[in-house]
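Dear colleague,

Please find below the structure that I am handing over to you, together with its sequence.

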Amino acid sequence: MKGVVFTAFLEMVENQFSENMVDDIIDSAQLPSGGAYTAVGTYPHEEMVSLVVALSERSGIGIPDLLRRYGKYLFAHFFLTHPSFFLKVHDALSFLGGIEVIIHAEVLKLYPDAQLPRFETEHRSDNQLVLLYESNRHFEDLAEGLMLGCIAHFAERIDIERESTEHGGRRKERFTLTRR
Ligand code: HEM
């Protein structure tokens, strides 16, 4: 995973928990990298899992909740660091509908070694978007948090329903987003 994902995570922990919490989870996660991340580096995604598990143990907050919370934070962070992605998009469903072919496609140009998930659009209308997420890193909860962050960013009222599906042994998560 790109270092930016780790530096933003530790920044969230410092802001929403404490500086000591950052040191504590880095110590207890026993990371091969030692926790010294640079935004442009690349690190095993297992280190992110270890950090979230350590934060869950110390905070008593469940792992899915922490990943959703982190996703929301990360979206706001991306808005600050990649303002050009937001220039022509004025609502959450349009932004999310372009996640694969516009946003992550641009991300791949900026970071050619990024390991991105795959999003398929199953259905799209004015008030509904159905996205199928697939990744062998299984960050379904992080994906939901990023969607929640996007909805909050555009200040909209959109419900998210989730369902796990399996096709030929490959798990996909179906997110149905419906504007209220
Ligand atoms: C401006 C907006 C966005 C930018 C700049 C961005 C960029 C990135 C980057 C740099 C990574 C890390 C890749 C790696 O570690 O190698 C990533 C991963 C990821 N992105 Fe995005 N992203 C954006 C929006 C979103 C949104 C809205 C979603 C959800 C619909 C999303 C879903 C994910 C997920 C789930 C991952 C984790 C990797 C995985 O699941 O396999 N991203 N993104």
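The model is predicted, so local features need pLDDT of at least 70 and side-chain atom pairs count only at pLDDT 80 or more, while totals for chains, interfaces and linings use all residues. Residues are numbered from 1 along each chain as its sequence is written, and side-chain values use heavy atoms, with hydrogens and water left out.

The sheet

Four strands form an open sheet in the order S1-S2-S4-S3, with antiparallel pairing. Strand S1 (118–124) and strand S3 (158–167) stand at the edges with a single partner strand each, so one side of each has no neighbour in the sheet. From one strand to the next, the twist averages 20°. Strands (E, at least two residues) and helices (H or I, at least four residues) are DSSP runs, numbered from the N terminus, and two strands pair if DSSP finds at least two bridges between them.

S1 is joined by six bridges to strand S2 (residues 128–134), and the two run antiparallel. They form a hairpin with three residues between them. Within this pair, His123 stands opposite Val130 in S2, and Thr121 opposite Leu131 in S2.

S2 is in turn joined to S4 by six bridges, again antiparallel. S3 pairs with strand S4 (residues 170–179) in the antiparallel sense over ten bridges. S3 and S4 form a hairpin with two residues between them, and Gly168 in the turn has a positive phi of about 55°. Opposite Arg174 in S4 stands Glu163, and opposite Arg171 in S4 stands Glu166.

The ligand and its iron atom

The only protein donor of the ligand's iron atom is His104, through NE2 at 2.2 Å. Donors are N, O and S atoms within 2.8 Å of the metal (3.2 Å for Na, K and Ca); water is not among the atoms, so sites may look incomplete. His104 lies in helix H6 (residues 99–110).

The ligand is surrounded by 27 residues (each with a heavy atom within 4 Å of it), and the closest are Lys2, His104, Gln115, Tyr133 and Ser135. Helix H4 (63–81), helix H5 (92–97), H6 and helix H7 (140–153) each supply at least two residues of this shell.

- Lys2, with a backbone N or O atom at 2.7 Å
- Gln115, with a polar backbone atom at 2.6 Å
- Ser135, with a side-chain N or O atom at 2.6 Å

Yours sincerely

Methods:
Axes are lines fitted to C-alpha atoms, for helices over the stretch in contact, and angles run from 0 to 180 degrees between N-to-C directions. A polar contact is a pair of N or O atoms within 3.5 Å; within protein, one must be able to donate a hydrogen and the other to accept it, and residues adjacent in sequence count only if both atoms are side-chain atoms.
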